[in-house]
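Dear colleague,

I am passing on the structure we spoke about, together with some notes on what was found in it. Please keep it open while you read, as the notes follow it element by element.

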Amino acid sequence: IIFSPHRFVLILYTVLRSFLSLERMRICVVGAGSIGGYLAVLLAKSGERVSLLVRGAHKEAIQREGLRLLWSEGSSREPVVALAEEFEAVTENLEDIAREPPLDAILLGVKANQILALLEGLVPLLGPETMLVPLQNGVPFWYFLRYGQFDPALEGHVVRSVDPTGELAARVPARS
């Protein structure tokens, strides 16, 4: 099987939509770099209610020019542009996103070492059904939290190379 980013997005989108059974999902994309930006554009263009949490010059550029998805060099496909107006919010303030009821999903498109600093502000956005989806490469800190069905000795084990102090695991409650 050839894996492409487009298949990844389609799989992720299908899982999110079917899991929550919602008409239009309310999604916050934290970090609009290559992965977060890619997902934000496609989700906004598909009609979902997407907010972007971005900082500084990147935020200003998105507010001014939108977010542009370019295809690989030599592709005949036209760029896809999501203008700022197509997003619910383009902000660096979590309070702007937290004004409405809890989100359906939060997509963490930031580096793993940035999550802890964001976590306190993200907690108010989490509802009982909110999915927190880290978009990092490698093994996430929570990988073994519900692993007991496979190997009881690993149940609750925290990956210390990703969460050295165990603070992420302590602050983000595990759910079945």
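Which strands does helix α5 (residues 115–122) lie across? In this model, which is predicted, helix α5 lies across β1, β2 and β6, and runs at about 160° to β6.

Those strands belong to an open sheet of five strands, in which the order is β5-β2-β1-β6-β7 and the pairing is parallel. At the edges are β5 (89–91) and β7 (131–134), each of which pairs on one side only, and neighbouring strands of the sheet are turned by 15° against each other on average, if direction is ignored. Strand β2 (residues 49–53) runs parallel to β5 and is joined to β5 by three bridges; within this pair of strands, L53 has T91 of β5 as its bridge partner.

To return to α5, which of its residues are buried? They are I115, L119 and L122, and, seen down the axis of α5, these buried residues fall within an arc of 75°, so they line one face of the helix. The elements that cover the buried residues of α5 include β1, α4 (94–97), β6 and α6 (167–171), whereas A117 and E120, on the other side of α5, are exposed.

Notes. Residues numbered from 1 in each chain as written. Predicted model: local features only at pLDDT ≥ 70, side-chain atom pairs only at ≥ 80, totals over all residues. Heavy atoms only, no water. Pairing = 2+ DSSP bridges. Helix = DSSP H or I, 4+ residues; strand = E, 2+ residues; numbered from the N terminus. Axes fitted to C-alpha atoms, helices over the stretch in contact; angles between N-to-C directions. Contact = heavy atoms within 4.5 Å. Buried < 20%, exposed > 50% of the residue type's maximum accessible area, 1.4 Å probe, protein only. Arc of directions from axis to C-beta.
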